[in-house]
Amino acid sequence: MSAALAFVDTETLGLDADKHAVWEIAVIRRDTDGAETEHLWQIRPTQWELEQAEPKALEINRYHERMTVPDFAMGADMLADRGPEPLRLRDLYKVITATLDGAVMVGSNPAFDAEFLRAFLGVKPWHYRTIDVATLAAGYLYGQADATQYPDTDPVAPLPYSSRTLSRQMGVEPPGDGVAHTALGDARWARDVYAAVTGGFR
């Protein structure tokens with residue numbers, strides 16, 4: 001492996017990175033030696049940011065249920081050994097930037113995550129070419145169909161692609177209730193779809 005991989009997902013207060021804040025970030029970093037580490041951070045939005053939030057986004061990612069940053073902190077490392085470890089924003093910036101540094105970002109619609117991460121961090125430390133596992137799976141399925149005796153059969157659902165449909169076609173069951181739309185759950189899902197496509201070679 002010539003570059004580290006970063007399987008990434010974010011949970012946000014809406015769909016517009018110019019208006020809505022990111023509040024949960026997961027990165028599963030796989031270094032060139034194959035070593036893998038999981039990271040999960042939460043960032044407490046300001047009152048103004050919450051006022052700008054889309055109610056549907058808060059409902060889907062269960063912000064009010066899952067936000068567990070201590071009241072006195074702006075952010076936290078959610079996977080610290082002793083439970084959520086409060087972090088100052090400048091420390092969050094440093095550790096997230098270092099975790100993504102030089103890595104190829106992989107995710108389900110990573111362009112969305114990259115846009116919010118760029119707005120939050122102020123930099124783009126990852127490799128400029130991201131990998132969307134839905135597109136990757138679609139290409140794989142088209143290649144498989146072309147190699148069979150039924151090349152005229154469309155193996156992929158119509159555009160726009162459904163990541164959940166493609167995931168199932170690759171033999172990976174998408175996250176269910178309680179796991180879907182959580183940053184770490186969706187980052188693990190992206191990793192598993194990537195592995196199904198690549199056969200574990202990358």
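Modeller: Start with residue classes: Ala, Val, Leu, Ile, Met, Phe, Trp, Tyr, Cys and Pro count as nonpolar, Asp, Glu, Lys and Arg as charged, and the others, Gly among them, as polar. This is a predicted model, where local features need pLDDT of at least 70, side-chain atom pairs need 80 or more, and totals for chains, interfaces and linings use all residues. Residues are numbered from 1 along each chain as its sequence is written, and side-chain values use heavy atoms, without hydrogens or water.

Biologist: How many cavities of 30 Å³ or more does the structure hold?

Modeller: On a 1 Å grid over the protein atoms alone, a cavity is a set of points where a 1.4 Å probe fits but cannot get out; a pocket is an open set with protein on both sides within 12 Å along at least five of seven lines; lining residues have an atom within 4 Å of a point. The structure holds 1 cavity of 30 Å³ or more. About 50 Å³ of space lies in the largest cavity.

Biologist: Which residues line the largest cavity?

Modeller: Ser108, Val133, Ala134, Ala137, Ser163, Leu166, Ser167, Trp189, Ala190 and Val193. Now apply the classes. The lining has 7 nonpolar and 3 polar residues, and no charged ones.

Biologist: Which helices each supply at least two residues of that lining?

Modeller: Helix H6 (133-146), H7 and H8. Helices (H or I, at least four residues) and strands (E, at least two) are DSSP runs, numbered from the N terminus.

Biologist: What about the volume of the second largest pocket?

Modeller: The second largest pocket has about 210 Å³. Its lining counts 17 residues, with Ala21, Val22, Ile43, Glu49 and Phe120 closest to the centre. Two or more residues come from each of helix H1 (47-51), helix H4 (89-100) and H5. H5 gives the most, with 3 residues.

Biologist: How do the residues of that lining divide by class?

Modeller: Into 12 nonpolar, 2 polar and 3 charged.

Conventions
Points joined across faces, edges and corners; volume = space filled by probe spheres on them.
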